[in-house]
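Open the model in a viewer and keep the selection tool at hand. The tour goes from the whole chain to single side chains.

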Amino acid sequence: MKVVLVAAMLRQKLWAYPATLALLAAFVVYQGYRFVLTPSAGLVALTLFDFVVIWLVWREYRLRR
């Protein structure tokens with residue numbers, strides 16, 4: 001799914017940006033759920049990385065609109 005969305009964003013398809021944000025948000029929610037069950041520093045780092053990617057995608061989407 002991520003590969004398809006990245007390819008669409010590279011082709012500057014506007015629909016791909018909100019879809020990517022939704023997919024990444026779903027990953028963050030799932031990672032939060034996993035963290036509650038089994039806390040780990042790696043999961044925190046991955047979630048922080050996802051937040052950075054969400055911010056970058058949001059910023060790029062605003063510029064493209």
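**Before selecting anything**

This is a predicted model, in which local features need pLDDT of at least 70 and side-chain atom pairs count only at pLDDT 80 or more, while totals for chains, interfaces and linings use all residues. Residues are numbered from 1 along each chain as its sequence is written, and side-chain values use heavy atoms, with hydrogens and water left out.

**Stop 1: the whole chain**

Show the chain as a cartoon. It has 3 helices and 0 strands, where helices (H or I, at least four residues) and strands (E, at least two) are DSSP runs numbered from the N terminus. Along the sequence the pattern reads α-α-α. The C-alpha atoms fill a box of roughly 40 × 20 × 15 Å, taken along the principal axes.

Switch to a surface. The chain exposes about 4900 Å², and carbon and sulfur atoms supply 71% of that area; the method is Shrake-Rupley with a 1.4 Å probe, and for residues only the protein chains shown count as cover. Of the 65 residues, 25% count as buried. Buried means under 20% relative accessible area, exposed over 50%, and partly exposed in between (1.4 Å probe, protein chains only).

Contact here means heavy atoms within 4.5 Å.

**Stop 2: the nonpolar core**

Select Leu5, Ala8, Met9, Ala16, Tyr17, Leu21, Leu24, Val28, Ile54, Val57 and Tyr61, the 11 residues of the largest nonpolar core. Such a core is a set of buried Ala, Val, Leu, Ile, Met, Phe, Trp, Tyr and Cys residues joined through side-chain atoms within 4.5 Å. Which helices supply at least two residues each? Helix 1 (2-10), helix 2 (16-37) and helix 3 (41-64) do. The largest share, 5 residues, comes from helix 2.

**Stop 3: Leu24**

Centre on Leu24, in helix 2. At 6% relative accessibility, this residue is buried. Leaving aside residues up to four places away in sequence, Leu24 touches Lys2, Asp50, Val53 and Ile54. For a distance check, pick the C-alpha atoms of Leu24 and Val6: the two residues are 18 apart along the chain, and these atoms are separated by 12 Å.

**Stop 4**

Is Thr20 buried or exposed? Its relative accessible area is 8%, so Thr20 counts as buried. The Thr20 side chain reaches the backbone oxygen of Ala16 at 2.7 Å. This falls under the polar contact definition: a pair of N or O atoms within 3.5 Å, where within protein one must be able to donate a hydrogen and the other to accept it, and residues adjacent in sequence count only if both atoms are side-chain atoms. With residues up to four places away left out, Thr20 touches Leu5, Met9 and Val57.

Next, select Gln31, placed in helix 2. Gln31 is buried, with a relative accessible area of 7%. What does Gln31 touch, not counting residues up to four places away in sequence? The list is Leu43, Leu46, Thr47 and Asp50.

**Stop 5: helix 3**

Select helix 3, whose 24 residues reach 35 Å from first C-alpha to last, close to the 34 Å expected at 1.5 Å a residue. The expected span is 1.5 Å times one less than the number of residues. The buried residues of helix 3 are Leu43, Thr47, Asp50, Ile54, Val57 and Tyr61, and they pack against helix 1 and helix 2.

Now show Arg64 and Glu60, whose side chains meet in a salt bridge (2.7 Å, N to O). The term requires a side-chain nitrogen of Lys or Arg within 4 Å of a carboxyl oxygen of Asp or Glu. The structure holds 1 salt bridge. Both residues lie in helix 3, 4 residues apart, about one turn of the helix. Arg64 is partly exposed at 39% relative accessible area, and Glu60 is partly exposed at 28%.

**Stop 6: Gln12**

Finish at Gln12, in the loop between helix 1 and helix 2. Its phi is near 60 degrees, a positive value in a residue other than glycine. Most residues other than glycine have a negative phi. At 47% relative accessibility, Gln12 counts as partly exposed.
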